[in-house]
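Student: I am new to this structure. Please take me through one part of it closely, and then show me how the rest relates.

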Amino acid sequence: MSDPTPREGWPAVPQDNRMHGGTTEWWYWHVIDPKTKLQYVGGLVNKPSTWHFGMLQYGRQKHVVAVDQRAPIPVSMSRAIKPANDGLPGVRTPGARLDYDPVANTWHLKVTTGFQADIWFDGWLPGVTGTIPLGERRWMGWTSAVVTSTARGWIKPPGGKRIDVSGWRGYTDHNWGPFNMFDNSTGGWEWGVVHEPNGGAKVIGGVVTRNGTYIGTAADIQPGQKPKGCASTYMEQTDFYSGNNYFTGQTFAMPGKVHVRCAALLPGFEGTEFTMKLLTPGIADGGIVAATLEAQYYTEPGSIGMYEHVRTMIGRWNAFQQQRNRK
């Protein structure tokens, strides 16, 4: 079930990506190689506590965390010093920082502790910025500052060697607000982005309420074209896949196809409709939270991206109850 109520939103600008605060806030980034399918995922969490993480997935190289249908295993995590609220785009701590260079018009990520990285996001295209109401005076802000780009630089797993990521595709976003994704106010979330061979990308993002209703947005951003985006969407998930789980031996179903279409347009945007399709399964079922953990999806031949299909314990229990009541 999808909520078609129009939401606030606009084309993302660098200043949207500054520190906002709230009870929860994080920055997320990734780069992915369209040829080998190797992907690096990282992020910096500001609240409720401050730490950063990195994870290398898929592909077939020495320092791979997940290969094909095996679930991702523990990420590199380390505590960080709280960033200063300097009002500038991005975020800065002694061990990790994301900066926007207005002269060169590029974003620069530099991580010097844990899973190290030194990456420029060149030729970037912006996504959307907006808010998602969660009820009870709770809401989540979201900006996909770089919906797609061409990466330049390197990554270095702990104990490993540098990996050149030049020519890979890159993405970064930012979430904040008075919310907690793991309490009883939400049942999970859906997020995904696919980088396409022409330099564009498609992205969706939203939350699932306790009763299973999806509230989210979508955007189709292509170079040289008017952006397409939705203030709210209808989502349909089909062809579910489930497999053996690394952590518990249980299974968690993930959608083989995720189809979205606009329910209401963002101001100044055209409408869009597209399908993200499962390429490489990656299931992690920890009981309290079950997720796909950036499983690989695509939209067309030559495209590659990531998708998160996440359900908390309360969300899974409610879905079970609904299924039982329908029988």
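Tutor: Start with Lys202 and Phe274. The charged end of Lys202 sits over the ring of Phe274, 5.9 Å from the ring's centre. This comes from a predicted model. Lys202 has a relative accessibility of 11%, so this residue counts as buried.

Asp220 forms a salt bridge with Lys202, and their closest N and O atoms are 3.7 Å apart. The bridge links distant parts of the chain: Lys202 is in strand E16 (residues 201–208), Asp220 is in strand E17 (residues 214–221), and the two are 18 residues apart. Asp220 is buried too: its relative accessible area is 7%. Keep Lys202 in view. The charged end of Lys202 lies over a ring, and Lys202 also bridges to Asp220.

Now look for another charge over a ring. Arg162 lies over the face of Trp154, at 3.8 Å from the ring centre.

Next, the other salt bridges. Side chains of opposite charge can pair when their charged atoms come close. The count for the structure comes to 10 salt bridges. One of them joins the side chains of Arg152 and Asp122, at 2.7 Å from N to O. Arg152 lies in strand E12 (residues 148–156) and Asp122 in strand E9 (residues 116–125), so this pair ties together parts that are 30 residues apart in sequence. Arg152 is partly exposed, at 37% relative accessible area. Asp122 is partly exposed as well, at 23%.

Asp99 and Arg97 make another bridge, again 2.7 Å from N to O. Arg97 counts as partly exposed, with 35% relative accessibility.

A search of the whole structure finds 10 aromatic pairs. In one, the ring centres of Tyr28 and Tyr171 are 6.1 Å apart and the planes stand at 70°, so the pair is edge-to-face. A second pair is Tyr297 and Tyr307. Their centres lie 5.0 Å apart with planes at 35°, so this pair is tilted. Tyr297 is in strand E23 (residues 295–298) and Tyr307 in strand E24 (residues 304–312), so the pair ties together parts 10 residues apart in sequence. Tyr297 and Tyr307 are both buried. Go back to Tyr28 and Tyr171 for one more ring: ring pairs link them with Trp191 into a cluster.

Val111 gives another view. Val111 is found in strand E8 (residues 106–111). Val111 is buried, with a relative accessible area of 3%. Beyond residues up to four places away in sequence, Val111 touches Trp29, Tyr40, His52, Gly95, Ala96, Gln116 and Ala117. Take His52: it is 59 residues from Val111 along the chain, yet their C-alpha atoms are separated by 9.2 Å.

Finally, step back to the whole. The secondary structure comes to one helix and 24 strands. Of the 327 residues, 56% are buried. Among contacts with a separation of 6 or more, 57% are between residues 24 or more positions apart. The protein exposes about 13,900 Å², and carbon and sulfur atoms supply 54% of that area.

Notes: Residues numbered from 1 in each chain as written. Predicted model: local features only at pLDDT ≥ 70, side-chain atom pairs only at ≥ 80, totals over all residues. Heavy atoms only, no water. Phe/Tyr/Trp six-rings, centres within 6.5 Å; stacked < 30°, edge-to-face > 60°. Helix = DSSP H or I, 4+ residues; strand = E, 2+ residues; numbered from the N terminus. Buried < 20%, exposed > 50% of the residue type's maximum accessible area, 1.4 Å probe, protein only. Lys NZ or Arg CZ within 6 Å of the ring centre and 35° of its normal. Contact = heavy atoms within 4.5 Å. Areas by Shrake-Rupley, 256 points an atom, 1.4 Å probe, with all protein chains shown as cover. Salt bridge = Lys/Arg side-chain N within 4 Å of Asp/Glu carboxyl O.
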